[in-house]
Amino acid sequence: MKRVYLASPFFNEKEIAYVEQVEKILAEKNLSVFSPMRHPLDNGAKVGSRQWSIETFTDDIKHIKWAEIVVAIYHGNYSDSGTAWELGYAYATDKPVILVHIDPNGLSNLMVHEGAHASITLDELATYDFDLLPASFYSGKML
């Protein structure tokens, strides 16, 4: 069972709905998924405090290291800076990044899509082969 870290913003209902949709697809593929949205720290630290910040950062790093693959929900040039950081860290540690473009007609930042092993749509995720990990490149509008 491959280990996957799911990188994505989850700050509003739209983003949460996409996380839930991708989690379902990945579960159907029998992948072991760490989704930060599903694993908030429960250590008593106040959200937004220095302790919470350090421990959340450390836990996410631990799970990116644990993962064999990083799947990222990418909203185009609108992107969460934390998600972009996770993608850079994954790339720097030689983890293949599967970039799921939510808006294939939107703009993409070249630093994000060039760091991806595969750039696919949400529909393509359902048939993506996580055993073979085929590479694909972004060919849409970019910055």
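Student: How many salt bridges does the count come to by the rule used here?

Tutor: The count comes to five salt bridges. The rule asks for a side-chain nitrogen of Lys or Arg within 4 Å of a carboxyl oxygen of Asp or Glu. This is a predicted model, in which local features need pLDDT of at least 70 and side-chain atom pairs count only at pLDDT 80 or more, while totals for chains, interfaces and linings use all residues. Residues are numbered from 1 along each chain as its sequence is written, and side-chain values use heavy atoms, with hydrogens and water left out.

Student: What makes Glu68 and Arg3 a salt bridge?

Tutor: Their side chains meet at 3.7 Å, N to O, and the limit is within 4 Å, so the pair qualifies. Glu68 lies in the loop between helix H2 (50-66) and E3, and Arg3 in strand E1, so the pair ties together parts that are 65 residues apart in sequence. Helices (H or I, at least four residues) and strands (E, at least two) are DSSP runs, numbered from the N terminus.

Student: Why is Glu68 called partly exposed?

Tutor: Its relative accessible area is 32%. Buried means under 20%, exposed over 50%, and partly exposed in between (1.4 Å probe, protein chains only), so Glu68 belongs to the middle class. Arg3, at 31%, counts as partly exposed too.

Student: How do you know that Arg38 forms a salt bridge with Glu23?

Tutor: The closest N and O atoms are 2.8 Å apart, so the pair meets the rule. Arg38 is in the loop between E2 and H2 and Glu23 is in helix H1, 15 residues apart.

Student: Is Glu23 buried or exposed?

Tutor: Glu23 is buried, because its relative accessible area is 14%. Arg38 has 44% and is partly exposed.

Student: What separates Lys62 and Asp59 in helix H2?

Tutor: About one helical turn, because Lys62 and Asp59 are three residues apart in that helix. Their side chains meet in a salt bridge at 3.5 Å, N to O. Elsewhere, salt bridges that share partners join Glu20, Glu23 and Arg38 into one network.

Student: Which strands are the edge strands of the sheet?

Tutor: Five strands form an open sheet in the order E2-E1-E3-E4-E5, with parallel pairing. Strand E2 (32-34) and strand E5 (118-121) are the edge strands, as each pairs on one side only.

Student: How do you know that E1 and E3 pair?

Tutor: Two strands pair if DSSP finds at least two bridges between them. Strand E1 (residues 3-7) and strand E3 (residues 69-74) have four bridges, so they pair, in the parallel sense. Within this pair, Tyr5 stands opposite Val70 in E3.
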